[in-house]
Amino acid sequence: MKKHLSVFYLIARESIYKLFFSGVLFFALQSAIYYAVNKDFSFVFSSLGHRLDSKENFTLILVFYAALLLFSLLLIKTGMQFNSKSGYTLRRLRINEKWVFIHQGIYNFLMLMLFFILEVLIMYVLVSFTVAGASEKAGPQAVYITFYESAFLQNLFAGRDALRAVRNIICIFSYSVNLSAFSYLSRYGKKWIPVFIFAALLYIPFAGKIDMTQLEYDVAYICISVIMLYAAAAFVFIRRNKDEI
């Protein structure tokens with residue numbers, strides 16, 4: 001157990017501070033963009049949800065996706081080279097590197113889930129301030145209505161839609177494992193190209209003009225995520241078994 005905790009600590013130590021400062025800068029930038037776009041908007045709160053998906057606020061979605069890609073790069077960088085400090089330490093721990101792959105996948109998942117949760121909280125705060133200053137008197141349900149009407153926020157938060165929440169969790173977990181597979185295979189001079197395709201597919205549910213709230217999209221993304229998860233794990237273990245022969 002001590003060796004496993006040491007691996008998890010090593011993985012976290014290499015990226016946690018970079019993720020933290022990147023997250024602070026990202027949320028500050030997103031808040032500034034939101035304020036600049038919406039500060040002079042005299043609106044009734046019922047139109048804010050649709051406005052968040054309009055071209056005026058499209059930069060928010062682009063910044064969100066850019067931050068997701070930055071987080072991904074920081075996560076896959078962990079231990080990519082055996083001659084790095086983390087790679088050297090991993091070798092000294094004398095632990096099966098399959099466990100390193102598993103631990104890194106779990107760590108990636110926790111960091112990306114935290115990223116998505118913080119994004120929801122930031123948007124909740126920003127929308128709450130905007131609704132509070134609206135020209136129309138709005139009650140506590142105004143923020144909920146905004147999250148329901150905006151395709152971006154609805155896909156991000158899911159709300160009471162259990163299937164969409166399951167879609168997001170499975171999608172993030174599968175993506176996390178694919179990032180871990182990229183790091184693992186890079187240490188052996190291999191590339192896991194499907195992770196780039198997966199990263200591109202992640203943009204679609206959050207693009208403001210694309211409505212991804214139908215049942216068939218949820219099922220399709222769950223199926224794609226499961227296939228990508230199985231493919232990454234299978235390729236890593238097959239690759240490792242060949243190396244051990």
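Angles under 35 degrees count as roughly parallel, over 145 as roughly antiparallel, 65 to 115 as roughly perpendicular and the rest as oblique. The model is predicted, with local features needing pLDDT of at least 70 and side-chain atom pairs counting only at pLDDT 80 or more, while totals for chains, interfaces and linings use all residues. Residues are numbered from 1 along each chain as its sequence is written, and side-chain values use heavy atoms, leaving out hydrogens and water.

**View A. Packing of helix α3 against helix α8.** Axes are lines fitted to C-alpha atoms over the stretch in contact, and angles run from 0 to 180 degrees between N-to-C directions.

**View B. Residues between α3 and α8.** From α3, S72, L75 and I76 meet Y175, L179, F182 and S183 of α8, contact meaning heavy atoms within 4.5 Å. This contact of α3 with α8 has 5 nonpolar, 2 polar and no charged residues; Ala, Val, Leu, Ile, Met, Phe, Trp, Tyr, Cys and Pro count as nonpolar, Asp, Glu, Lys and Arg as charged, and the others, Gly among them, as polar.

**View C. Helix α3 with helix α9.** The axes of α3 and helix α9 (residues 194–203) cross at roughly 155 degrees and come within 10 Å. Helices α3 and α9 are therefore roughly antiparallel to each other. In α3, F58, I61, L62, Y65, L68 and L69 meet A199, A200, L202 and Y203 in α9. The residues of this contact of α3 with α9 comprise 10 nonpolar, no polar and no charged.

Conventions: Helix = DSSP H or I, 4+ residues; strand = E, 2+ residues; numbered from the N terminus.
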